[in-house]
Amino acid sequence: MDHPVCQTTVQIKSQNGLHMRPAMQFVDLANRYNCDITIGTEKERGDAKSIMHVIGLAATAGTRLDIRATGPDAEEAVEVLRAFMERQTFDEVPPKDGD
Amino acid sequence: MEIKKGIAVSPGVSIGRCLILDSEDYRIPRRQIASSQRMLEVQRARNAFADAVRELSGLEQAQEQLGGGRIKDIFAVHLRFLRDRSLRRQITDLIHEESVTAEYAVASVLRRFAARFTEVKDSYISERAADVYDIERRLLRHLLGDKREDLGRLREEVIVVARELSPTQTAGFNKAFVKGIASDAGGRTSHAAIVARSLGIPAVVALEDLTEIASGGDSVIIDGNRGLVIVNPDAETVAQYEAYSREFVALEQKLDTIREKPAETRDGVTITLLGNIEFPDEAEGVIEKGGEGIGLYRTEFLYLNRPTEPSEEEHYRAYAQTLHLCQDRPVVIRTVDLGADKYTQSKRFAPEPNPFLGLRSIRFCLQNLAMFKAQLRAILRASVLGRVKIMFPLITNIQELMQAKMILHDVMEDLDEEGIAYDRRIDVGIMVETPSAALTASTLARDSDFFSIGTNDLTQYTLAVDRGNEQVSTLYSPADPAVLRLVRTVIQDAYKAQIDLSVCGEMASEPEYVMVLLGLGVRTLSLSAPLIPEVKQMIRCVTLEDCHVLTRKVLGMNSERQISNYLRNAARKVLPEAF
């Protein structure tokens with residue numbers, strides 16, 4: 001059965017870019033969902049569940065990232081990931097919700 | 001195939017398999033395996049990942065108990081890498097597709113990945129490469145067990161590729177098997193450069209990210225003549241280089257045979273060939289190549305790569321060693337020519353906007369008297385050990401020369417008071433390397449025992465060209481009529497004042513300029529050791545009469561291009577194999 005593509009665009013606000021720790025939290029969040037999620041810039045895309053791909057985007061401050069998901073829980077996944085990126089300046093201690 | 005350009009610091013050409021060293025001496029072994037072995041390598045890779053995950057989880061938990069938030073975060077990130085399916089898939093795919101070892105696959109996938117970060121301008125992101133290297137090392141440690149590379153036990157010829165070579169690493173080399181050196185970092189005075197020159201093997205440094213491009217076992221060509229390193233060259237390139245290398249070796253051997261013969265023109269005029277050195281042990285190479293002494297001993301190395309100024313004792317030891325190697329041959333020690341570089345710039349509050357026209361060389365010395373005096377003391381003390389001459393660099397006017405000489409006399413008086421012996425009649429000369437010095441050479445000659453023409457700076461300052469700036473470097477040429485006319489003036493003024501004259505810039509080491517320099521009246525050339533035989537060969541093929549005819553023609557020409565072409569053609573006729 002075909003699922004529609006859910007999509008959103010976020011911008012990295014943190015001065016330090018999408019560095020190791022937020023990238024890790026992002027990947028952990030993505031891995032909670034069953035849907036396929038990709039993340040990318042205009043130049044390249046990668047698997048949002050792979051820390052290698054996410055960090056490999058080398059997203060510096062101001063980079064616009066596009067998140068797309070397809071699958072049963074795609075809508076929720078995109079919303080949660082968008083909220084994470086929006087909330088983050090990445091400098092405060094992130095919430096601990098059981099990883 | 002990938003071609004990287006760096007700085008050539010030791011001449012020659014080598015083709016071989018590379019051995020990559022990182023700071024922990026891990027070596028990534030040769031990569032190719034039989035296709036039947038692939039499953040085994042995939043399993044080894046999986047085991048290494050599993051072992052590394054176990055190890056890291058343990059470390060992470062230990063940190064948790066210690067409450068070390070930041071370090072725990074780092075371990076947590078590394079753990080996610082090790083569990084990353086994409087990463088594992090890339091590694092196993094590489095093993096399957098290219099039949100390579102697990103070590104090679106791990107290193108090349110992770111190094112390729114790290115290379116992406118180093119391209120990013122943002123330092124916070126670019127520093128992530130360090131994390132990737134850390135993960136790579138952890139995996140390699142599990143793959144290789146404790147098989148640290150023991151460089152002393154090399155059993156096959158290798159080309160050593162390193163980020164930066166440490167003295168400890170090179171001390172352990174089995175030198176018989178190291179055929180070339182290439183490093184990411186470094187300059188002419190870096191450790192890799194010194195070792196390579198002393199071993200007589202080609203080396204290229206400042207390659208920036210070579211260790212990320214090359215993986216252990218890759219085939220590499222080191223071209224220490226042109227400053228190139230070629231990774232995984234294609235068959236055509238290898239063939240070209242093999243031919244080039246054979247020619248180079250053949251030429252070297254042929255030239256070695258003239259080592260004992262004098263540097264004499266066909267009509268019997270003797271030319272003195274001296275060596276340019278930076279390090280005491282290079283003096284050996286100069287003598288070996290037939291040099292009759294040291295015409296330019298650059299002393300900057302004593303100051304570089306260290307946090308503090310060298311002591312008088314350190315200066316003295318370096319000079320004593322050089323003089324010991326040279327015995328009774330002359331050694332011209334140039335006082336320190338620092339400037340426009342990290343050393344002097346770091347001592348300033350504000351960087352100079354135009355360092356080549358700024359506080360450098362003798363100007364810097366005259367403003368840092370304690371430092372200058374320590375060097376002069378050491379030179380004078382060493383002067384009783386051999387035939388020492390002192391040379392001041394970058395003199396632009398007579399006042400500077402007088403001031404430098406006055407300081408030298410102060411130091412002499414101090415030594416007299418302390419009863420320390422030195423050569424009272426020590427020759428004191430100058431580098432003529434600014435247009436102002438060249439134009440006032442007749443005045444400067446009255447207070448100099450000798451001139452040495454530094455053609456590199458003289459060309460640069462005369463033509464207002466930074467030879468390091470690619471956009472204008474084609475304008476840089478010692479064959480420019482303006483430069484040649486200045487050189488002629490200096491030579492004539494030295495003759496009139498009856499003082500010694502030599503040429504020590506790169507112009508002196510290029511066979512194509514030999515004839516014009518001889519024709520202008522130069523009888524002493526100072527050049528880097530490996531180039532001495534070729535220049536000697538050139539000298540032995542010409543007559544002074546030919547040189548005079550050529551020089552008269554050239555001085556009548558108005559364009560650099562015309563002169564260059566003419567000189568090159570003339571040299572090619574005399575010594576075809578050198579071009």
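Predicted model: local features only at pLDDT ≥ 70, side-chain atom pairs only at ≥ 80, totals over all residues.
Chain B holds an open sheet of eight strands, ordered 1-8-7-3-4-5-6-2, in which the pairing is mixed. Strand 1 (2-5) and strand 2 (7-10) of chain B each have a single partner strand and stand at the edges, so one side of each has no neighbour in the sheet. On average, neighbouring strands of this sheet are turned by 30 degrees against each other, direction ignored.

B:V205 in strand 6 is the bridge partner of B:I7. Helix 10 (residues 235-256) of chain B lies across strand 3 (13-21), strand 7 (219-223) and strand 8 (228-231) of chain B. The helix runs at about 115 degrees to strand 3 of chain B.

## The sheet of chain A

In chain A, four strands form an open sheet with antiparallel pairing, in the order 1-4-2-3. Its edges are strand 1 (6-11) and strand 3 (45-47) of chain A; each has a single partner strand, so one side of each is left without a neighbour in the sheet. From one strand to the next, the twist averages 25 degrees.

Strand 2 (residues 36-40) and strand 3 of chain A run antiparallel and are joined by three bridges. Here A:T38 stands opposite A:D47 of strand 3. Helix 3 (residues 74-87) of chain A packs on the sheet and touches strand 1, strand 2 and strand 4 (64-70) of chain A. The direction of helix 3 makes about 5 degrees with that of strand 1 of chain A.

## Aromatic pairs

Over all chains, the count of aromatic pairs comes to five. One of them joins B:Y241 and B:Y244: the ring centres are 5.8 Å apart and the planes stand at 75 degrees, so the pair is edge-to-face. These two residues are three apart in helix 10 of chain B, a separation of about one helical turn. B:Y241 is buried, with a relative accessible area of 6%.

B:Y297 and B:Y319 also form an edge-to-face pair, at 5.7 Å centre to centre and 90 degrees between the planes. B:Y297 belongs to strand 10 (residues 294-298) and B:Y319 to helix 12 (residues 312-326) of chain B, so this pair ties together parts 22 residues apart in sequence. B:Y297 is buried at a relative accessible area of 0%, and B:Y319 is buried at 0%.

## Charges over rings

The ring of B:Y244 has the charged end of B:R226 sitting over it, 4.3 Å from the ring centre. The charged end of B:R381 sits over the ring of B:Y316, 4.2 Å from its centre.

Notes. Residues numbered from 1 in each chain as written. Chains lettered and ligands numbered in written order. Heavy atoms only, no water. Pairing = 2+ DSSP bridges. Axes fitted to C-alpha atoms, helices over the stretch in contact; angles between N-to-C directions. Contact = heavy atoms within 4.5 Å. Phe/Tyr/Trp six-rings, centres within 6.5 Å; stacked < 30°, edge-to-face > 60°. Buried < 20%, exposed > 50% of the residue type's maximum accessible area, 1.4 Å probe, protein only. Lys NZ or Arg CZ within 6 Å of the ring centre and 35° of its normal.
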